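Biologist: Could you put the model up, so that we can go through it together?
Modeller: Here it is.

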Amino acid sequence: MNYQVWVFETAMKLSILLSLFIYASSATNYTVGGELGWDLDSDIQTWSSSRNFSVGDTLVFVYTPVHNVLEVDEVGYNACASDDPISVADDGNTTVTLDSFGTRYSFVELMVIAALD
């Protein structure tokens, strides 16, 4: 292999690795809702409108175990419908990585626990 070709290929590979490193290190972790966390009283609309999210960022939902996090499509979100969610989490500390461009829809649902007499 020609030395100049080797140098060029090596420089390109290093450039790609450096770009990936910079991209990975620039990701931000966001606690959804700020200090209040993911709660029925949180003003998530205001909280989210003041942030610029990027692919690679992480959303951390912190909530009490009587709530959950549902990810739904736009139709489900607009109808506040939880009957066909994309995903459901109820562990009180859910992490979602933004792995693609676009809008993601989530909402909180109060889980009703029946008590027997």
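Biologist: Is E2 buried or exposed for the most part?
Modeller: Four of the five residues of E2 are buried, so this strand is largely enclosed by the rest of the structure; buried means under 20% relative accessible area, with a 1.4 Å probe and protein chains only. This is a predicted model, in which local features need pLDDT of at least 70, side-chain atom pairs count only at pLDDT 80 or more, and totals for chains, interfaces and linings use all residues. Residues are numbered from 1 along each chain as its sequence is written, and side-chain values use heavy atoms, with hydrogens and water left out.

Biologist: In which sense do E1 and E2 pair?
Modeller: Strand E1, residues 29-31, pairs with E2 in the parallel sense over three bridges, where pairing requires that DSSP finds at least two bridges between the strands. Within E2, Val60 is the bridge partner of Thr31.

Biologist: And where is Leu98?
Modeller: Leu98 lies in the loop between E5 and E6, and it is buried, with a relative accessible area of 12%.

Biologist: What is Leu98 in contact with, leaving aside its neighbours within four places in sequence?
Modeller: With those neighbours left aside, Leu98 is in contact (heavy atoms within 4.5 Å) with Phe53, Ser54, Val55, Gly56, Asp57, Leu59 and Arg104. As for Leu59, its C-alpha atom is separated from that of Leu98 by 7.6 Å, although the two residues are 39 residues apart along the chain.

Biologist: Changing topic, what volume does the largest pocket have?
Modeller: Its volume is about 770 Å³. On a 1 Å grid over the protein atoms alone, a pocket is an open set of points where a 1.4 Å probe fits, with protein on both sides within 12 Å along at least five of seven lines, and lining residues have an atom within 4 Å of a point.

Biologist: Which residues are closest to its centre?
Modeller: Of the 32 residues that line the largest pocket, Ser48, Leu59, Arg104, Tyr105 and Ser106 are the closest to its centre.

Biologist: Last one: how many helices and strands does the chain have?
Modeller: The chain has three helices and six strands, which run α-β-α-β-β-α-β-β-β from the N terminus on. Helices (H or I, at least four residues) and strands (E, at least two) are DSSP runs.

Notes. Points joined across faces, edges and corners; volume = space filled by probe spheres on them. Buried < 20%, exposed > 50% of the residue type's maximum accessible area, 1.4 Å probe, protein only.
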